[in-house]
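Subject: Handover of a structure

Dear colleague,

Please find below the structure that I am passing on to you.

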Amino acid sequence: MIPSWKRSRALDLFDRLDVTGSATITEPDLQELAEHTVVGTKADPDSVKAKAIRAGYDYLWQTVFAPMDLNGDRQVNLVEFEEGLNHLDDDSFVPAITMIATAIFNAYDLDENGSLSQQEIINWLGEYGVSHQDALAHVRDMDTNRNGTVSYKELVSAITDYYINPEASLDGHWMFGPKRVTRHEAPAEPTLDLMPALSPEF
Ligand SMILES: [Ca+2]
Ligand SMILES: [Ca+2]
Ligand SMILES: [Ca+2]
């Protein structure tokens with residue numbers, strides 16, 4: 001059972017998933033997200049890698065979002081979404097997220113060496129409008145064994161942790177779009193805080 005979701009996280013995710021701006025999440029939203037990801041990988045649209053990405057988002061729709069549609073209009077509105085999130089269980093969510101993470105990992109591991117280098121991650125997140133600096137910060141977040149690259153295991157645990165652990169500080173939302181607020185942004189008011197932008201625990 002996934003612990004209850006913070007409303008702010010739920011709202012942010014809803015917004016990212018609703019790419020068509022219809023105030024509902026629909027199958028075409030997921031298809032558009034898949035296509036955006038395919039374009040980002042620069043993989044041949046007919047390649048096995050591209051098909052795996054589409055299959056991941058399709059599976060996510062079928063197993064996670066379609067069941068949230070309580071009134072059967074093939075759209076998940078915000079009320080249905082929040083209700084659905086709070087009844088989500090690992091059995092449906094984790095396999096779907098893992099499937100997409102696997103597809104993304106394979107598509108962006110361009111040299112197929114089984115890990116994502118800093119440059120491969122910069123290529124990937126750059127497609128979502130994530131800055132070079134933020135992409136490097138993501139690498140540091142995900143690279144838990146600090147060997148300078150992100151393994152498949154590190155990637156999947158970064159993504160699943162974000163959704164399953166409400167206290168997780170890791171940002172897993174880039175699967176669904178650009179990072180919007182970063183911890184590197186300058187404070188609104190000048191302060192005397194002289195701490196470095198990256199805290200040592202990262
Ligand atoms: Ca509905
Ligand atoms: Ca690689
Ligand atoms: Ca690593």
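The notes below set out what was found.

This is a predicted model, in which local features need pLDDT of at least 70 and side-chain atom pairs count only at pLDDT 80 or more, while totals for chains, interfaces and linings use all residues. Residues are numbered from 1 along each chain as its sequence is written, and chains are lettered from A and ligands numbered from 1 in the order in which they are written.

Overall architecture. The protein chain contains 8 helices and 4 strands; these are DSSP runs numbered from the N terminus, with helices being H or I of at least four residues and strands being E of at least two. From the N terminus, the order of elements is α-β-α-α-β-α-α-β-α-α-β-α. Of its 202 residues, 28% are buried (20 or more other C-beta atoms within 10 Å of the residue's own; exposed means 12 or fewer, partly exposed in between, with C-beta atoms placed from the backbone).

Confidence. The mean pLDDT, the predictor's confidence in each residue from 0 to 100, is 79 for the protein chain, and 77% of the residues score at least 70. Over residues 179-202 the pLDDT is below 50. Where pLDDT is low, the predicted coordinates should not be read in detail.

Helix H6. In H6 (residues 118-126), the buried residues are Glu120, Ile121, Ile122, Trp124 and Leu125. The buried residues of H6 pack against H2, H5 (90-108), strand S3 (115-116), H7 and S4.

Two loop residues. Lysine 42, in the loop between H2 (27-41) and H3 (48-65), has a positive phi of about 60 degrees although it is not a glycine. Lysine 42 counts as exposed because it has 12 C-beta neighbours inside 10 Å. Arginine 146, also not a glycine, has a positive phi near 55 degrees and lies in the loop between H7 (132-142) and S4 (150-151). With 7 other C-beta atoms within 10 Å, arginine 146 is exposed.

With kind regards

Key: Contact = placed C-beta atoms within 7 Å.
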